[in-house]
Amino acid sequence: MHKLMMGLARTLAIVGGIVLSALILLTCASILGRLLNGFFHGDFMQGLAPGFADWAIAIGIGPVNGDFELVEAGVAFAIFCFMPLCQITAGHASVDILANNFPKVVNRFLRMVIEVAFAGVLVLIAWKLGDGMLSKKQYGETTFLLQFPIWWAYALSFVASLAAAIVGIYMAGVRIFEFLTGRIVIHDGMEASH
């Protein structure tokens with residue numbers, strides 16, 4: 001089961017990384033286009049080569065239309081893609097100043113409570129994203145510039161958040177088992193192996 005969950009988490013993280021990389025390239029292209037557009041509209045290019053400047057403007061050199069809409073939707077999806085890997089590897093930020101001095105049984109209890117809380121929050125997020133997706137689809141909302149249906153972005157984020165919720169529930173089950181049995185199933189660096 002752990003291999004399946006880890007595979008799911010890693011696959012989503014790779015997809016999230018690809019999406020994030022594409023968004024970085026999109027943002028760079030949009031910024032470069034905006035700079036070039038300003039340059040071609042400027043007095044220097046209009047005075048030096050007005051025909052070339054007008055041609056460059058006419059072929060569409062400029063910012064990417066709707067770049068912020070794509071970045072907004074893509075970043076939300078990428079964040080949800082990274083959550084399962086962060087959850088399964090215990091990669092969330094933690095403050096261990098006090099926890100390092102607690103007995104092992106207390107640390108197991110704290111890990112269990114934290115994982116159960118995370119699972120609950122991840123399930124709630126997935127549920128509300130699903131509700132939001134259905135609402136956006138029902139009302140036919142679209143983005144301002146590109147006019148693509150907003151529910152598409154919600155749907156992508158919902159799928160990734162659903163995977164995060166599944167991994168969160170799995171990890172909560174693992175930590176409950178570890179607490180009840182005293183056996184460490186998944187080492188996360190907080191407790192020395194037996």
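Trainee: Which residue just after α5 takes a positive phi?

Mentor: G140. Its phi is about 65°. Keep in mind that this is a predicted model.

Trainee: And what follows α6?

Mentor: G182 follows α6, again with a positive phi, this one near 80°.

Trainee: How far apart are the end C-alpha atoms of α5?

Mentor: They are 52 Å apart. α5 has 36 residues, and at 1.5 Å a residue it should span 52 Å, so the two values agree.

Trainee: What about α6, residues 150-181? What should it span?

Mentor: It should span 46 Å, because it has 32 residues at 1.5 Å each. The end C-alpha atoms of α6 are 46 Å apart, which agrees.

Trainee: Let's zoom out. How many helices and strands are in the chain?

Mentor: Six helices and zero strands. From the N terminus, the order is α-α-α-α-α-α.

Trainee: What radius of gyration does the chain have?

Mentor: The chain has 24 Å. A compact globule of 194 residues would come out near 16 Å. The C-alpha trace spans about 80 × 40 × 30 Å along its principal axes.

Trainee: Then at what angle do α5 and α6 pack?

Mentor: About 160°, with the axes 7 Å apart. Angles over 145 degrees count as roughly antiparallel, so α5 is roughly antiparallel to α6.

Trainee: Is that crossing left-handed or right-handed?

Mentor: α5 passes α6 in a left-handed crossing.

Trainee: What classes of residue make the contact of α5 with α6?

Mentor: There are 24 nonpolar, five polar and seven charged residues in it.

Trainee: Now α4 and α5. At what angle do their axes cross?

Mentor: Roughly 165°. The axes of α4, residues 67-88, and α5, residues 104-139, come within 12 Å. α4 and α5 are therefore roughly antiparallel to each other. Their crossing is left-handed.

Trainee: Which residues make the contact?

Mentor: From α4, they are F80, M83 and Q87. From α5, they are E115, F118, L122, I125 and L129.

Trainee: How many of those are nonpolar, polar and charged?

Mentor: By class, the contact of α4 with α5 has six nonpolar residues, one polar and one charged. Q87 is on the α4 side and E115 on the α5 side.

Note on methods:
Residues numbered from 1 in each chain as written. Predicted model: local features only at pLDDT ≥ 70, side-chain atom pairs only at ≥ 80, totals over all residues. Heavy atoms only, no water. Helix = DSSP H or I, 4+ residues; strand = E, 2+ residues; numbered from the N terminus. Expected span 1.5 Å × (residues − 1). Axes fitted to C-alpha atoms, helices over the stretch in contact; angles between N-to-C directions. Parallel < 35°, antiparallel > 145°, perpendicular 65-115°, else oblique. Left-handed = near helix turned anticlockwise from the far one by under 90°. Contact = heavy atoms within 4.5 Å. Nonpolar A, V, L, I, M, F, W, Y, C, P; charged D, E, K, R; others polar. Rg over C-alpha atoms; globule rule 2.2 N^0.38 Å.
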